[in-house]
Each structure stands twice: as C-alpha cells, then as structure tokens.
Amino acid sequence: MREYRKIYASIVASEKLASVPVDARWLWVLLVVSQDDEGKYPWTPIKIKALTVGTNWSSDDVQSLGSVLAESELIHIESPWVYLVKGTEKNGKPTSTRGF
C-alpha cells in the first residue's frame, strides 16, 4: 500500500457523507487513507482494531458505523473486505515504483 492517499476538498460538500453521523464520517476517512490500490481494506477484527486504535469505539460500534456507511452507499462490505465506493478512482495511479 502506498503511504499517500488523496483527501479531496469535495468531501465537505458530499450529501452522502453529510447524511451520516460524525463518527461514521471519521471511519470513512480512516478507510480512505488506509485502503489499498484496489480501493479495499480488510474487514477483519484485527485490522478493524488497527484502523480504529485512536478511537474509543467497540467492535459493535465499528460494525454499526460500517452498516451506516454501507446503507449510505459510501462503502460495500463483502467479507473479508470493505470496498470504498469509487475507491480505486480516487486513488489514482502510482507515479513511481516507490509508491509515492
């Protein structure tokens, strides 16, 4: 995975993102910066804990937030992966073999 991910200013104007609770928005941002080049992130207990280590969310909280994001069509959960909608499109192509 590349160390660099783009966060577009348009996220502040996204109606879909604005329609979800703040914690769900933060989970989405964490997923954006952690996704691989195919726009996916492992949706397993260990990787979810690693993703959310700086939060006070329980496993149930994360699953609930993931459901909210899925219902809002911001992600798709297909065990053992979570796919970000348009994740690969937003990632762009690596410009060098070093990944940045």
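Which helices each supply at least two residues of the lining of the largest pocket? I opened my notebook with that one, keeping in mind that this is a predicted model.

**Entry 1: the pocket**

I found that helix 1 (15-18), helix 2 (22-34) and helix 5 (87-91) each give at least two residues to the lining of the largest pocket. I noted about 350 Å³ of space in that pocket. The lining is made of 18 residues, and the closest to the pocket centre are Trp28, Leu74, Val85, Lys86 and Lys90. I then looked up the lining by class and wrote down 9 nonpolar, 4 polar and 5 charged residues. A reminder for myself: rolling a probe the size of a water molecule over the atoms shows where empty space is left.

**Entry 2**

I went on to the pairs. Strand 1 and strand 3 (residues 81-84) run antiparallel and are joined by 3 bridges. In this part of the sheet I spotted Tyr41 opposite Val82 of strand 3. Strand 2 and strand 3 are also an antiparallel pair, with 4 bridges, and Glu78 stands opposite Trp81 of strand 3.

**Entry 3: the hairpin and its loop**

How many residues lie between strand 2 and strand 3 in their hairpin? I counted 2 residues there. Pro80 has its place in this loop between strand 2 and strand 3. The peptide bond that joins Ser79 and Pro80 is cis, with omega at about 10 degrees.

I also checked the loop that comes between helix 4 (59-71) and strand 2, where Glu73 is found. The phi of Glu73 is near 60 degrees, which is a positive value in a residue other than glycine.

**Entry 4: the rings**

What lies over the face of Trp81? I found Lys40 there, at 4.4 Å from the ring centre.

Note on methods: Residues numbered from 1 in each chain as written. Predicted model: local features only at pLDDT ≥ 70, side-chain atom pairs only at ≥ 80, totals over all residues. Heavy atoms only, no water. Lys NZ or Arg CZ within 6 Å of the ring centre and 35° of its normal. 1 Å grid on protein atoms, 1.4 Å probe; cavity = no way out; pocket = protein on both sides within 12 Å on 5 of 7 lines; lining within 4 Å. Points joined across faces, edges and corners; volume = space filled by probe spheres on them. Nonpolar A, V, L, I, M, F, W, Y, C, P; charged D, E, K, R; others polar. Pairing = 2+ DSSP bridges.
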